Amino acid sequence: MVRREIDAVVVGAGFAGMYMSYLLRKEGYDVQGIEAAADVGGTWFWNRYPGARCDIPSLLYQYSWNEEIRTSWRWSEKYATQPEILAYANHCADLLDIRPLYRFQTRVTKAEWDEAADRWLVDTDKGEALSARYLVMATGALSVPKEPDFPGLDRFKGPQPVTGRWPHEGVDFKGKRVAVVGTGSSAIQSLPHIAADAAQVYVFQRTPNFSLPALNAPIPDEEREAFEAAWPLYKQAIDTGEPGVEMLPEDWEPSDEELAEHVKVLWNGGGLVSTVMIPRLTKDERINEAACEFVRSQIRAQVNDPVLAEKLSPRSFPISTKRACVDTDYYVTYNRENVTLVDLNEGAIVEVTEKGIRTTNAEYEVDVIVWALGFDAMTGALTRVDIRGKDGTPLKDAWHGGPAMWKGMMVAGFPNLFTITGPGSPSVLMNVILAGEHNVEFIADVIDRMREQGETRVEVSEAAQEAWVDHVRREAEATLFPRANSWYMGANIPGKPRVMLPYVGIDYKKRLNQNVAAGFPGLMFEG
Ligand code: N01
């Protein structure tokens, strides 16, 4: 087979993949991008369910590295909708002239390390065979939806859209009876929209979630101007890893009254800020429980029926150990006559029938079933490609006991393979566009150094990887995160090793900068 020889394959055309491809081309490398979707956007290409929005303020949820893009784009609302973010991704792709680098509607099926040539042999489902010095997986942390696996799925006659892979033509809920299964962010954002159209909605809930009000609104001009004035300082904070805003000290020891007041003030500002601005929220039980109880009191204040309010109130995990949701009108939607909560703790789903969903208690007849079951997060997109490292070892086998990797970017035994926002990096715990930038720039630094030194191969040492995995584990164990059955812990996918996937430390970018400055300790270069 004749393989096209190039410098790098970049898989994925989300924000991280586009930046990686752009940077490599700019530095003179021959890059081939590969993307399963028909166009750019990554998660924002697929998640088109009604109500899909970002939970990071839009002024912050954008590339920080390109002034032309930043100054030529104007976000309309505090939290951008999926169509607006997708339009932004297209705007970036146009300005960066990125599309010629990509093959769209193409998947990498296999990537095998060629030990003799120091190259990756990459195959696609369109029959293309490539030989690349570097393979960069910019495949996203939340890109492989968890599929429903209930018996009888095929019997149901109506549509069964999955939130993470929403039909482009949309779904018509007008006058329909609808089942929404799951109560994570995707369900919480879509329910008010579905309920406004549908005749009847049944929400199937296994575990209630904490949701915070978005308080979304158009961005006032003064706020835009203030942001613009503060931008140089934000940018500096992004690049150095310093906090961009003033925080209370980590050893803050408030009285119960001070704590309650602080939580209330933050809640009134809306969004995830209510959680990130509370020191030790995910470390200190007293502080965490105060925040939990405050949110529960707000659920009681919004939901008319006290029994229903209690069912919607999380009690089984500390707040923020599962990602808190950000909503518009989620809880008050339960006051509508056409919305019914089906508590799966009172009767689990047994099967999907021709007419709907049957639990141990009843059959719910519906016209549409919306599956909002989440994702095989952080590892799913990597392990579903047949990636084979030295000695033909499959990545899946190397990760049998959990994803061992260095700083979420490199795996021992897999030379010249890079991942972006992978396990062991902050990834989904921070603004993921910026997390991607941090990884892309580090990877570009490694590749540039290799060109300068005439090297053909880089691999992380077993010792450096072990030390990092151990550090990530110890940091997580000092928090309340392991108490939740969350996708952070891999607990939402049966059989997945229970490991805290993202890195909870707040020093990641500083550590990357130090590693570059010190000449990449832990990495072994050859060639
Ligand atoms: O998924 P989830 P998501 N039977 O995993 C339930 C990001 N995101 O797509 O908790 C019955 O949170 C499951 O129940 P349980 C964001 O980072 C961001 O909503 O396992 N129920 C849960 O209720 C988010 O955290 C935005 O008991 C089953 C739900 O399905 C992440 O994506 C918007 C079940 C899954 O919730 C994932 O959110 C949307 C079963 N067999 C998503 N299996 C923004 O705002 C699963 N469930 C940017």
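This is a predicted model: local features need pLDDT of at least 70, side-chain atom pairs count only at pLDDT 80 or more; totals for chains, interfaces and linings use all residues.
Numbering runs from 1 along each chain as its sequence is written, and side-chain values use heavy atoms, with hydrogens and water left out.

**View 1**
The ligand is surrounded by 23 residues, and the closest are K146, S186, T207, K322 and R323. Being near here means that a residue has a heavy atom within 4 Å of the molecule. Start with K146: an N or O atom in its side chain sits 2.8 Å from a nitrogen atom of the ligand. On S186, a polar side-chain atom is 2.6 Å from an oxygen atom of the ligand, and K322 places a polar side-chain atom 2.8 Å from a ligand oxygen atom. Taken alone, the ligand exposes 920 Å², and the protein buries 89% of that (areas from the Shrake-Rupley method with a 1.4 Å probe; for residues, only the protein chains shown count as cover).

**View 1. What the ligand shell is made of.**
Sorted by class, the shell has 9 nonpolar, 8 polar and 6 charged residues. For the sorting, Ala, Val, Leu, Ile, Met, Phe, Trp, Tyr, Cys and Pro count as nonpolar, Asp, Glu, Lys and Arg as charged, and the others, Gly among them, as polar. At least three shell residues come from each of domain 1 (4–144 + 377–526) and domain 2 (177–371), with bounds taken from an automatic or database domain assignment.

**View 2. Salt bridges, close up.**
Side chains of opposite charge can pair when their charged atoms come close. A search of the whole structure turns up 43 salt bridges (a side-chain nitrogen of Lys or Arg within 4 Å of a carboxyl oxygen of Asp or Glu). One of them links R70 and E67, whose closest N and O atoms are 2.8 Å apart. These two are 3 residues apart in helix α3 (residues 67–71), so about one helical turn separates them. Helices (H or I, at least four residues) and strands (E, at least two) are DSSP runs numbered from the N terminus. R70 is buried at 6% relative accessible area, while E67 is partly exposed at 41% (buried means under 20%, exposed over 50%, partly exposed in between, with a 1.4 Å probe and protein chains only).

K510 and E242 also meet in a salt bridge, 3.4 Å from N to O. K510 sits in helix α16 (residues 508–517) and E242 in the loop between α6 (221–240) and α7 (256–269), so this pair ties together parts that are 268 residues apart in sequence. K510 is partly exposed at 32% relative accessibility, and E242 is partly exposed at 41%.

In the pair of E253 and R280, the closest N and O atoms are 3.1 Å apart. E253 is in the loop between α6 and α7 and R280 in the loop between α8 (273–276) and α9 (285–302), so the parts they tie together are 27 residues apart in sequence. E253 is exposed at 56% relative accessible area, whereas R280 is buried at 16%. Elsewhere, salt bridges with shared partners join E115, D118, K390, R457, E459 and E526 into one network.

S64 belongs to the loop between α2 (43–46) and α3, and is buried at 2% relative accessible area. E351 is in strand β12 (residues 349–352) and is buried at 17%. The E351 side chain makes polar contacts with the side chains of R155 at 2.7 Å and R358 at 2.9 Å.

M378 is not a glycine, yet has a positive phi of about 70°. This residue lies in the loop between β15 (368–371) and α12 (380–383) and is buried at 3% relative accessible area. K407, also other than glycine, has a positive phi near 55°. K407 is placed in the loop between α13 (395–398) and β17 (417–419), and is buried at 8%.

Key: A polar contact is a pair of N or O atoms within 3.5 Å; within protein, one must be able to donate a hydrogen and the other to accept it, and residues adjacent in sequence count only if both atoms are side-chain atoms.
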